[in-house]
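Colleague: I'd like to go through this model with you and ask how you back up the words you use. Could you put it up?

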Amino acid sequence: MAGLDLLPALIDLGAVLLLALGIKGLSKVSTARSANGLAALAMGLAVLGLLIQQPLSPQAWLWVAIGTGLGGVLGLITAQRVPMTAMPETVALFNGCGGMASLLVALGVALFSPGEGSSGLVEQISIVISVFVGAITFSGSIVAMGKLQGWIDTPGWTQSTMRHAVNISLAVACLAGAIALPGDMAGAPLWVLVVASSLLGIGVTLPIGGADMPVVISLLNSYSGVAAAAAGFVVGSQLLIVAGAMVGAAGLILTQVMCTAMNRSLVSVLFGGALGGAAPVGGGGEEAG
Amino acid sequence: MSALTQALWVLLLGSLLGLELIGKVPPTLHTPLMSGANAISGITVLASLTLIAQANDQLPLLVLGSLSLGFALFNVVGGFLVTDRMLAMFSRKSPRTGGTR
């Protein structure tokens, strides 16, 4: 009994350690490539540990296989086909899908509440955060990708102060949905929250210019870490909480570092040139080199 | 210690660790690091798998879990591979000088 409990715990600890070493190694040129492999290994370990802890029924395995097949193959193809010059938008696409995954898990728990059924306040708050941040990450990342690809123009109204009014009303709608959610877990408030958060993600990303996009993608990447941590609270996985928190915090630091490198402040990136600040340094989008 | 307190401690310590992990990052590594961190944020596969495991064979939960797993794995697999492709470009040049930018 004790041995059975200990093994997955040790695997989880090993995975956290490798993830941390991976993030650390990725910030140095000489170690970056092996660190990336280390992080991938950690991810495999984490999945292994979870499968030991939570045995799956045959039917569950079937659905795991379907999801794995679709996501894995599409990821493989996308990663190989995409041209080197399109890296920031590719990262944005992947990142958005990570946010969508957290959103879907929270939706599943809210709509069908598996497990014990009695949902406490903590679970409700986690669901709200997971849906809110996940939806913003998804729609924001897709807009970021569209702008970098040149599929989406910047509409004129987004350059006026009107956008602040639009975004604030969307945020208020999110808040209203969040407050009403505990009374009616699977009803209208949930969908208000989903729709308003998605629109808010579009509303805050759309006004930002292409040169600043890598910074925005980095910030959205940080958000997807937060969404993962919230999903960790929803399903009760400590490994997920710690990994999500790590990525969320590290992503925030990286965003700051990228802003500094571009000689911009985060505030001027997020709220536009109207607040002043230096002109964007050219070539920010081509850093992938 | 209740499960919640424990989870909050984990959240706090994880965040502090994340804040400390990255110090100086050379500009050439900004995009690869962002991409690598993005792949790691796909760790939400664990949430998808847990949802499937706890679905008790209810079809809607299995479908949602599977869909979520697909999105998350797209993030993980694509993220790590794309990061590796970017970093592979460094190894051809001298590691000391890194990129030309």
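Colleague: What makes you say that Ala243(A) is in contact with Ile40(B)?
Modeller: This is a predicted model, and a contact needs C-beta atoms within 7 Å. Ala243(A) meets that with Ile40(B) and Ile43(B), and also with Val16(A), Leu19(A) and Ala228(A), leaving aside neighbours within four places in sequence.

Colleague: Which residues touch the most other members of the largest nonpolar core?
Modeller: Leu19(A) and Ala243(A) do, out of 135 residues in that core. Helix H4 of chain B, residues 59-92, gives the largest share, 17 residues.

Colleague: Why do you say the core lies between domain 1 and domain 2 of chain A?
Modeller: Both domain 1 (1-28 + 41-51) and domain 2 (87-273) give residues to the core, so it lies between them.

Colleague: How do you know how much of H8(A) is buried?
Modeller: Buried takes 20 or more other C-beta atoms within 10 Å. In H8(A), 23 of its 23 residues pass, so we call the helix mostly covered.

Colleague: And what makes the reach of H8(A) close to the expected one?
Modeller: Residues 213-235 span 32 Å from first C-alpha to last, against 33 Å expected at 1.5 Å a residue. Just after H8(A), Gly236(A) has a positive phi of about 75°.

Colleague: How many residues of each chain are in contact across the two chains?
Modeller: 91 of chain A with 79 of chain B. H9(A) gives the most to chain A's side, with 19 residues. By class, that side has 58 nonpolar, 30 polar and three charged residues.

Terms used. Residues are numbered from 1 along each chain as its sequence is written. Chains are lettered from A and ligands numbered from 1 in the order in which they are written. This is a predicted model: local features need pLDDT of at least 70, side-chain atom pairs count only at pLDDT 80 or more; totals for chains, interfaces and linings use all residues. A nonpolar core is a set of buried Ala, Val, Leu, Ile, Met, Phe, Trp, Tyr and Cys residues joined through C-beta atoms within 7 Å. A residue is buried if 20 or more other C-beta atoms lie within 10 Å of its own, exposed if 12 or fewer, and partly exposed in between; C-beta atoms are placed from the backbone. Helices (H or I, at least four residues) and strands (E, at least two) are DSSP runs, numbered from the N terminus. Domain bounds come from an automatic or database domain assignment. The expected span of a helix is 1.5 Å times one less than its number of residues. Ala, Val, Leu, Ile, Met, Phe, Trp, Tyr, Cys and Pro count as nonpolar, Asp, Glu, Lys and Arg as charged, and the others, Gly among them, as polar.
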